[in-house]
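Biologist: Could you walk me through this structure, starting wherever you like?
Modeller: Gladly; let us look at the picture together.

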Amino acid sequence: MNYPPSYYTSPYDRHPIPAAYYPAHWAWHRDFPPVDTKILVHSITSFQRLVEDASLVLKKLAEPSIAQQIMTAAQTGNQKEVDRIVHSFGCESVVTTSYTPSSVQFTIYPHVQGMPCCNLSMSMKWGK
């Protein structure tokens, strides 16, 4: 049998290790551009605002009267009323709502023009 050179052999069990498990030589000596954290820091700052708005949504949904209103509107398929109720929560971010008979989903986006940097999705069960 033709095995790779002896330095590919494990000293512990004396079985050859295939050369395919080792990265190519060029992968060890790659030059990477300098790291720029501005975009990540912006995303983190925006996401913290989304978390605050998500907390506000959860607090409002925990109120029995609001939960009753939003579930009744969703059950009748009144998306405009669901959106109006959610908008009345006072979130600074954009909150989109979708629902099925068994769950409700909220997706929260930062209030920015263009491509958003992040979003936060919550899905909660509310039926069988």
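**Contacts, core and sheet**

Modeller: If neighbours within four places in sequence are set aside, V57 is in contact with F89, C91, F106 and M122, where contact means heavy atoms within 4.5 Å. Keep in mind that this is a predicted model, in which local features need pLDDT of at least 70, side-chain atom pairs count only at pLDDT 80 or more, and totals for chains, interfaces and linings use all residues. Residues are numbered from 1 along each chain as its sequence is written, and side-chain values use heavy atoms, with hydrogens and water left out.

Biologist: Which residues of the largest nonpolar core touch the most other members?
Modeller: Of its 20 residues, those are V57, I70, V86, F89, F106, I108 and M122. The elements giving two or more residues to this core are α2, α3 (64–75), α4 (79–87), β2 and β3. A nonpolar core here is a set of buried Ala, Val, Leu, Ile, Met, Phe, Trp, Tyr and Cys residues joined through side-chain atoms within 4.5 Å, and helices (H or I, at least four residues) and strands (E, at least two) are DSSP runs numbered from the N terminus.

Biologist: Okay, what is the order of the strands in the sheet?
Modeller: The sheet is open, with 3 strands in the order β1-β2-β3 and antiparallel pairing. Its edge strands are β1 and β3, each of which pairs on one side only. On average, neighbouring strands are turned by 15 degrees against each other, direction ignored; axes are lines fitted to C-alpha atoms, for helices over the stretch in contact, and angles run from 0 to 180 degrees between N-to-C directions.

Biologist: And how many bridges are there between β1 and β2?
Modeller: Strand β1 (residues 94–99) pairs with β2 over 6 bridges in the antiparallel sense, and the two form a hairpin with 3 residues between them. Strand β2 is also joined by 6 bridges to β3 (residues 120–125), again antiparallel; two strands pair if DSSP finds at least two bridges between them.

Biologist: Is T96 buried or partly exposed?
Modeller: T96 counts as partly exposed because its relative accessibility is 35%, given that buried means under 20% relative accessible area, exposed over 50%, and partly exposed in between (1.4 Å probe, protein chains only). Leaving aside neighbours within four places in sequence, T96 is in contact with Q105, F106, T107 and Y109.

Biologist: Switching topic, which helix holds D53?
Modeller: D53 lies in helix α2 (residues 38–61), and this helix lies across β2 and β3, running at about 20 degrees to β3. With a relative accessible area of 0%, D53 is buried.

Biologist: So what does D53 touch?
Modeller: Not counting residues up to four places away in sequence, D53 touches C91, E92, S93 and I108. The side chains of D53 and S93 are joined by a polar contact of 2.5 Å, meaning a pair of N or O atoms within 3.5 Å; within protein, one must be able to donate a hydrogen and the other to accept it, and residues adjacent in sequence count only if both atoms are side-chain atoms. A polar atom of the D53 side chain also lies 3.3 Å from the backbone nitrogen of E92.
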